[in-house]
Amino acid sequence: MRFNRRMVTRAGIIGVAGSVALGGVVAAGAFAQDRHGHDGDDAFRLALTGVAANAKATGMSAPNVLSPELVEQAVAQGSLKLENGTADVPYYGYRGDGPFVAAPGDLPAKGHQVEASKTEPDKNTYLVLRGQRGADPHYDYGTHFLFQGHEMGKSGYITRINLDADAAHRVTLLATTTTDGTALPTFDGSTWDPWVQRLLFTAENGNAGGVWQSTTGPNAQVEDISAALGRAGYEGVQNDSAGNVWLVEDSGGTTVPGDKAKLPNSFVYRFVPAEKGDLKHGRLQALQVVSARTGTPIAFQGIDAAHPTGGAFTDDMKDLHTYGKTFTTRWVTLHDTATDPSGQAFDANALAKAAKATPFKRPENGQFRPGTGFREFYFDETGDTNTDSTANNGFGGWGGVLKLAQTDPKADTGTLSLVYNGDKEHSGLDNVTFVDANHIAFVEDAGDTLHAQRGLLDSGYLFDLNADYAHGAQPVRFLAEGRDASATLDSALGAYSGFQNDGDNEITGIHLSNGDASPRGLLGAQVPTPLANGWRLFWTQQHGDNVTWEVLPARR
């Protein structure tokens, strides 16, 4: 028996108070997607009603709450056995080093582990591919697949959820090492490069981070391509129509002495291949923003005697987080394999600082706006994720959303402006996906500290790019993440020395795609019809049970 997407019925909802409307023509009726991903051709209109956030309460779990127009169903969870697992990596979300939950009365201590290490499947990449094989040579794996790198543990690995498969063949382990036998790092971001026909995975491990490319089947051929793309705390990764690879860095900065604010320390990068389809040769660039006050680059400023708070509280940092201001940008080249053919990886973050590129407050992910010809790129800043940071008052401590506009994805200059300034309720923005031409979803990774400070768990928000956020408009909360029972237990065990797993659940891997593996299917190339015409929406409830969900229209 195969897992089939259940038939759901949907109806257009118009004019709901506190809601946002998506899509095009109103349509109603039965909707079913068959094993080959085909469904009705009618566009539809779905209005999402905002929901309240879930409270964080000691010892209390809570269910996820979605807008009533949506439902979710699990496509995989951490305890699902891999069809070709190993003794070290036997499950989708657990290593083989202990039980899923601690035995009654067993408490962690230094040198004493009470639970299996959770591997945390991260960013999702959905593809429709034919001819894919798995561990069973006699099994038909179908055509619909969801790929993830895993973020936590002593090393990483790559998995593929076979969306058309039964439970025994549901998740395939693709790789734990590179082609030369080196253990994979823990991965954060992922995407599909249609020109090299490879998955791209990013690792945000600072000087050990970088970019890896991988094939899509078991015993995948995985290569470290950081000799061309550099070492940095990369997380977000996207292609543009010119074949460039855009990278967004998540590298936390030094904490300002006596404060909870951190220095802006992360950069936005663009890799320009020498030839489209070759990611081993080309130029790595970083985004430089020009000060509206001085006409000089807004560059990294460390903490020293002359600058006791570094670049955390400069006029330029305040300007970057002020509505209505527009800044000139340019790309500055950091490294070129044509002039450095050594084949050795390099420190991209250090080169970005030396080239006076502009640091941001942990800009973890970004995506191109559909219908703009890859001329608009939106990225978030996670911020300091601490209510005690004095940078919250106008200097980006709460994070936010920024827009980079260029005349062409290959252009060397552009403009940068603020779309949304974060606040206590909307902070820690991380993963992102466009759901149509005018609406973009950002989800939170606020972390246990900010959860406790504000008494709320993470949320997913839908932003209307035609709204005026400078004058009181707010995004719609379409997902109030809960906390499953094992995450609730882990939150308590985190108080003990030696406990290795994360606590509260986190939202990651929000991803809407039609799975088109050609250049036409690049995220941003087509305007999505959300939850229709083959466009499917996924997210992962990281930590705890590590469940990956598909979001569907609610049965009306």
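On a 1 Å grid over the protein atoms alone, a cavity is a set of points where a 1.4 Å probe fits but cannot get out, while a pocket is an open set with protein on both sides within 12 Å along at least five of seven lines; a residue counts as lining if it has an atom within 4 Å of a point. Grid points are joined across faces, edges and corners, and a volume is the space filled by probe spheres set on the points. The model here is a predicted one, in which local features need pLDDT of at least 70 and side-chain atom pairs count only at pLDDT 80 or more, whereas totals for chains, interfaces and linings use all residues. Residues are numbered from 1 along each chain as its sequence is written, and side-chain values use heavy atoms, with hydrogens and water left out.

Strands, like helices, are DSSP runs numbered from the N terminus (E, at least two residues, for strands; H or I, at least four, for helices). The largest share of the lining, five residues, comes from β7. By type, the lining of the largest cavity divides into five nonpolar, eleven polar and two charged residues. Here Ala, Val, Leu, Ile, Met, Phe, Trp, Tyr, Cys and Pro count as nonpolar, Asp, Glu, Lys and Arg as charged, and the others, Gly among them, as polar.

Next come the pockets. The largest pocket has a volume of about 310 Å³. Lining it are 23 residues, and Lys262, Arg362, Gly383, Asp384 and Thr385 lie nearest its centre. Five of the lining residues are nonpolar, eleven polar and seven charged. The second largest pocket holds about 240 Å³ of space. Of its 18 lining residues, Ala227, Ala228, Lys280, Gly343 and Gln344 are the closest to the centre. Both β14 (222-224) and α1 (226-229) supply at least two residues of this lining, and α1 gives the most, with three. The second largest pocket is lined by six nonpolar, seven polar and five charged residues.

Strand β28 turns up again in an open sheet of four strands, ordered β6-β30-β29-β28 and paired in the antiparallel sense. The edges are held by β6 (70-76) and β28 (506-513), each with a single partner strand, so one side of each is left without a neighbour in the sheet. Strands count as paired if DSSP finds at least two bridges between them. Within this sheet, β29 (residues 536-542) and β30 (residues 547-553) run antiparallel and are joined by five bridges, with Phe538 of β29 partnered by Glu550 in β30.

Six of its six residues are buried, so β24 is largely enclosed by the rest of the structure. Buried means under 20% relative accessible area, exposed over 50%, and partly exposed in between (1.4 Å probe, protein chains only). A hairpin of four residues leads from β24 to β25, and the two antiparallel strands share four bridges, with Ile440 as the bridge partner of Phe434. In turn, β25 (residues 439-444) runs antiparallel to β26 over five bridges, where Phe442 partners Tyr461. Strand β26 (residues 459-464) is mostly covered, with five of its six residues buried. It also pairs with β27 (residues 476-480), antiparallel over four bridges, and Leu462 has Val476 as its partner there.

Finally, the rings. The structure holds 21 aromatic pairs, where rings of Phe, Tyr and Trp (its six-membered ring) pair if their centres lie within 6.5 Å, and planes under 30 degrees apart count as stacked, over 60 as edge-to-face and the rest as tilted. Phe313 and Phe395 have ring centres 5.4 Å apart and planes at 75°, so the pair is edge-to-face. The two residues are 82 apart in the chain. Phe313 is partly exposed, at 23% relative accessible area, whereas Phe395 counts as buried at 14%.
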